[in-house]
Amino acid sequence: QVLGKRTYCFFDIGVAESKVGRIEFELLDELLPVTCENFKLLCSGFAPSGFRYKGSHFIRLMARGAAIMGGDVATAGGSHSAWKQRYYADEGFFVPHSQAGILSSANAGIDTNGSQFYITLKECPHMDGRCVAFGRVATGYDVITGLIKDVYMQRGIPTKSITILDAGLAQNPHASSIKTSSSAHSPSSFAAAATAA
């Protein structure tokens, strides 16, 4: 579903296969259409590559608690785009990683974007110019903080499986009704960051 020019997608998250909550994302389609389309296709299950986020896992808490990483969809593990080619090019570094809740592409270097992604847990300026930020957590940030609090991480690796039980396009995205627990990932601050970029 699209509200204006932006799409909303969701993940239903489970720990050890038991659902703990839903995360919804707002995507910046108007700035980064290719990157957003890749994410939407992997959420919806209609990716030409045959890969999808449903059934994949959050795999790592990054150093110093900067971000949580997910999106290993390839059969043998690792990143793969929604299309036949494994990777696609960096579309642009328009949005800074200036707050918690930013959704950003993870990569292995220049032009190696696929399915892997980060969700920032704080400001991450070291990711600017290296990772393509293309959305934000609209609702469910408390689900993410709950995972960090309740699932023990051994050297950054979760000791319990954190699974995307389901994923898709959000059915009723209404930006005016979005509520967040912190202004760090609020709609107004996100819009300001995107405009500044």
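The model is a predicted one, in which local features need pLDDT of at least 70 and side-chain atom pairs count only at pLDDT 80 or more, whereas totals for chains, interfaces and linings use all residues. Residues are numbered from 1 along each chain as its sequence is written, and side-chain values use heavy atoms, with hydrogens and water left out.

A cavity is a set of points, on a 1 Å grid over the protein atoms alone, where a 1.4 Å probe fits but cannot get out, and a pocket is an open set with protein on both sides within 12 Å along at least five of seven lines; lining residues have an atom within 4 Å of a point. One cavity of 30 Å³ or more is counted, and the largest cavity has a volume of about 40 Å³, a volume being the space filled by probe spheres set on the grid points, which are joined across faces, edges and corners. Among the residues that line this cavity are Thr35, Asn38, Phe39, Tyr53 and Phe134. By class, its lining comprises five nonpolar, six polar and no charged residues, where Asp, Glu, Lys and Arg count as charged, Ala, Val, Leu, Ile, Met, Phe, Trp, Tyr, Cys and Pro as nonpolar, and the others, Gly among them, as polar.

The largest pocket has a volume of about 280 Å³. Of its 16 lining residues, Tyr118, His126, Met127, Arg130 and Cys131 are the closest to its centre, and the lining as classed holds nine nonpolar, four polar and three charged residues.
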